[in-house]
Structures are given as structure tokens and as C-alpha cells.
Amino acid sequence: MVLGGPGGGGLANNVVGDTYVEVSGGIITTQAGSTAGGSVFGGGYARNQNVTGNTHVRIVDGANISGGVYGGGYAGPLSIQGNVVTGNADTLIEGGKIGTNIYAGAAGLSRVNGTATVTLKDIAPGDPFATDFTRQILRGGIGTGGTAHTVFDHQTAPFLGTVGTADNGQMDSIRFVDDTRMDVDPARFHGRDWLIENGSTVDVVAAGTMSSRTFTNAGLLRLDGPDAPENLLSTIGGNYVSEGGTLAMGATSDEAKNFLEIQQAATLGDDGPTTIDLDLSPDWDGDRIDLVRSAAASDAGAFTMTPIPVDNGSFRGTAVLRSEPNEAGGLTWYIEGVPEELYTVVVNNGTLPGGLSTDTFYAGDTVELTADEPAEGMRFTG
């Protein structure tokens with residue numbers, strides 16, 4: 001194992017100040033009979049092995065760790081008392097291979113009193129971390145006394161692992177910063193607050209629920225995916241802050257409803273509304289699509305959308321944003337298709353495209369007609 005703090009023994013053995021651990025190469029493996037020998041710890045190992053300060057762990061490309069990475073320390077369940085990091089625990093992952101879980105804080109009976117953060121930075125497609133890590137990023141066992149956060153910083157590779165769990169492993173926040181561009185499966189990302197910042201783009205590409213108390217959008221959140229419609233649901237309550245962000249929704253059919261639901265009255269930010277950018281699929285027929293359902297009428301100022309031109313095989317016209325009161329006391333925002341007027345064309349002694357004798361067309365359409373063969377003694381004049 002690699003320790004940033006003290007380890008071994010049963011006596012108190014403290015480090016006063018900050019610890020720094022960097023793994024950039026080599027193989028850290030588990031020895032026979034050891035439960036955590038192949039792991040990296042920012043803090044101590046075993047009971048009362050404390051760090052009075054902050055811990056810093058950095059894992060870069062070239063590292064090969066058979067165990068896990070702990071921002072804090074570890075003390076197993078047989079310990080009378082775990083160890084403590086009194087400050088913050090910062091864990092930076094820039095590549096490498098990690099065999100088991102990543103803990104923002106500590107694990108076992110240990111704890112981090114401050115803020116525990118795991119940052120995945122500059123992970124590009126093909127990076128070993130991107131292709132091999134399928135485990136979890138967790139708060140810690142009982143292990144975080146403060147808050148725990150996961151940050152994706154300029155990441156463009158898909159993330160194959162899981163962020164948090166639905167119970168005590170859930171992150172206090174999941175942040176996407178500095179032009180991060182990721183596809184997100186909500187079932188694998190568990191964060192109380194979602195923050196999309198600094199030009200980042202997050203595509204929700206599968207069915208699931210995004211749960212949040214605070215949702216800050218200064219990038220692009222795109223709710224779309226082949227598993228929609230109704231099972232793609234984003235629930236946001238508490239606070240909604242938009243800093244010039246865009247909420248893009250891809251409607252797969254006229255049954256694609258409730259893309260965004262604010263289940264509690266939201267406290268809206270003052271930095272301007274969110275723009276809704278709706279991409280209608282070609283098979284949309286102009287029926288109503290519910291986009292946003294809020295729990296309070298005050299949420300109305302959160303969203304704005306200009307009329308959207310639509311032109312496809314079954315509908316041509318404009319999709320118009322409307323709202324109406326709902327039973328929760330808030331507003332339901334929806335779009336209705338406003339089709340252009342259709343004109344009926346009837347052909348005698350001839351056919352329209354497709355062999356039809358009658359069909360409907362929009363103003364300005366050019367329609368190719370085919371005349372029947374003239375009867376005997378007759379001729380075609382035009």
C-alpha cells in the first residue's frame with residue numbers, strides 16, 4: 001500500500017500538516033493476506049492514525065493500482081476508533097488503472113471532517129482509466145464528516161463507472177466544468193446537486209432520473225435518447241440557477257413528455273433565463289409535447305423559448321411554447337404544433353405523385369402531375 005499519513009500499530013500516531021501522494025508509474029498490488037495492500041491512501045491506516053491538515057492524492061497515466069484510492073484514510077470494522085483527516089481531502093485522477101473503488105473521503109471507521117473531492121481531469125477517449133474503470137466513486141464508508149463532490153474537468157471520454165450510490169455513497173454534488181463533454185446515464189450518476197459549468201455539454205442519453213436539490217446550468221444540458229419518451233425524467237427541486245445555459249430536448253415522438261419536472265418550488269437565480277432548444281424528430285406530428293412541469297408559478301421566469309420552425313414529412317409549421325396552471329400550483333410548459341395551411345389538389349384523367357388522384361400540399365409546393373393516355377380520337381393539349 002501507499003500511505004500519505006501514518007500507518008500500522010495500535011497507538012496514536014499523528015501527522016500535523018498536509019500530506020501529498022502522487023503515483024505516476026509502477027504496480028501497486030495486494031500482498032497475500034492483506035485486504036488493502038494494493039491501495040493508495042491520502043491519510044492514515046489503522047486506528048488513531050490521524051492527519052491534522054489536508055490530504056492530496058494524485059494518480060496519473062502510468063499508475064497501476066490493484067486496489068482502491070482513498071482521499072482520506074482507512075480503519076477496518078474491528079478498530080475501536082478510526083483515523084481522522086481534520087481538513088480537506090483532494091483526489092486528482094489524470095489517468096492510470098485503478099482496480100477497485102475511489103473514495104472521496106475515508107472508509108471503514110475513518111472520516112474526513114472537511115470537503116472531500118474527486119476530480120477526473122483531462123480523461124480522453126482511449127485513456128486506460130476511461131476504458132478500464134468500471135467501479136464506483138463514493139463518499140466513503142461512514143467516512144466523510146463534511147461534504148463530498150465529484151468533478152469532471154475537461155473530460156471527453158465516456159465514464160464507465162458509477163458516481164455514488166442511492167444511499168450513503170451519494171455525492172453532495174456532481175460538477176461538469178471547463179468544456180467537459182459527456183454522455184450521462186442517470187442510473188449511474190447519483191448527486192444531490194448537478195452543476196454544468198463553463199461551456200460543458202452533458203447529454204442524458206438513457207432513461208432514468210436525475211435527482212437534485214440545486215441545478216446550476218451554465219453549459220448545455222441535452223435531454224435526449226432512444227429510450228425516451230416518458231421514462232426520461234429529470235427531477236429538480238429546491239433551487240434552479242441558470243447562468244446563460246441551454247436546456248436542449250430531443251422529442252422522439254408526441255408522447256415524449258415530462259422531460260424536466262421541478263417537484264419542489266424552485267428559487268430561481270437572477271442571472272437570466274434558461275433557453276429551451278427543442279429538436280423535433282421527423283415523425284413528430286404536431287401534437288402537444290409537455291416540456292417542463294414546475295411546482296410553483298414563480299418558476300415561470302426560468303425558461304424562455306422562441307418559436308421553432310419545423311419542416312418534416314408529416315408536419316410543417318411552427319412549434320409554439322405555451323403554459324398552463326397545473327394541480328400542483330405551478331405551471332406546465334408545453335409546445336403545440338401550429339401547422340401551415342394545407343391545400344387539397346384533385347386530378348381528373350391523371351395522377352399525383354404516388355399514383356394518387358387527390359392529396360394535400362402546402363402553399364408554394366411544386367407538384368408533378370402525370371396525365372393518363374388520351375382516349376381514342378382525343379389528344380393531350382396541356
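# Exercises on a predicted structure

Leaving aside neighbours within four places in sequence, Leu120 is in contact (heavy atoms within 4.5 Å) with Ile93, Phe129, Ile137, Val151, Phe152, Asp153, Gln155 and Phe159. The model is predicted, so local features need pLDDT of at least 70 and side-chain atom pairs count only at pLDDT 80 or more, while totals for chains, interfaces and linings use all residues. Residues are numbered from 1 along each chain as its sequence is written, and side-chain values use heavy atoms, with hydrogens and water left out.

**Exercise 1. Find which residues of the largest nonpolar core touch the most other members.**

Step 1. Begin with the term: a nonpolar core is a set of buried Ala, Val, Leu, Ile, Met, Phe, Trp, Tyr and Cys residues joined through side-chain atoms within 4.5 Å. Buried means under 20% relative accessible area, exposed means over 50%, and partly exposed lies in between, using a 1.4 Å probe and protein chains only.

Step 2. The largest core holds 43 residues, and those touching the most other members are Ile59, Leu120, Phe129, Phe152, Phe159, Phe176 and Phe189.

Step 3. In soluble globular proteins, nonpolar side chains tend to be buried together.

**Exercise 2. Describe the salt bridge of Glu197 and the surroundings of its two residues.**

Step 1. A salt bridge requires a side-chain nitrogen of Lys or Arg within 4 Å of a carboxyl oxygen of Asp or Glu, and a search of the whole structure finds eight of them.

Step 2. Glu197 forms one with Arg175, where the closest N and O atoms are 2.9 Å apart. This pair links distant parts of the chain, 22 residues apart, since Arg175 lies in strand S21 (residues 171-177) and Glu197 in the loop between strand S23 (191-196) and strand S24 (201-204). Strands (E, at least two residues) are DSSP runs, numbered from the N terminus.

Step 3. With a relative accessible area of 15%, Glu197 is buried, whereas Arg175, at 30%, counts as partly exposed.

Step 4. Another salt bridge brings together the side chains of Asp185 and Arg188 (3.8 Å, N to O), and here Asp185 is partly exposed at 21%, as is Arg188 at 23%. Salt bridges that share partners also join Arg139, Asp172 and Arg192 into one network.

**Exercise 3. Work out the order of the six-stranded sheet and which strands stand at its edges.**

Step 1. Two strands pair if DSSP finds at least two bridges between them. The six strands form an open sheet with parallel pairing, in the order S1-S5-S9-S14-S18-S20.

Step 2. Strand S1 (2-3) and strand S20 (162-163) each have a single partner strand, so they stand at the edges and one side of each is left without a neighbour in the sheet.

Step 3. Strand S18 (residues 136-138) runs parallel to S20 and is joined to it by two bridges, with Gln136 standing opposite Thr162 in S20.

Step 4. Turning to another pair, five bridges join S21 to S23, which run parallel, and Ser173 has Asp193 in S23 as its bridge partner. Because five of its six residues are buried, S23 is largely enclosed by the rest of the structure.

**Exercise 4. Decide where the coordinates call for caution.**

Step 1. The protein averages a pLDDT of 76, and 65% of the residues score at least 70; pLDDT is the predictor's confidence in each residue, from 0 to 100.

Step 2. Over residues 31-35 the pLDDT is below 50, and this stretch has one contact in the model beyond near neighbours in sequence. Residues 228-232 also stay under 50, with 18 contacts beyond four places in sequence.

Step 3. Where pLDDT is low, the predicted coordinates should not be read in detail.

Methods: Helix = DSSP H or I, 4+ residues; strand = E, 2+ residues; numbered from the N terminus.
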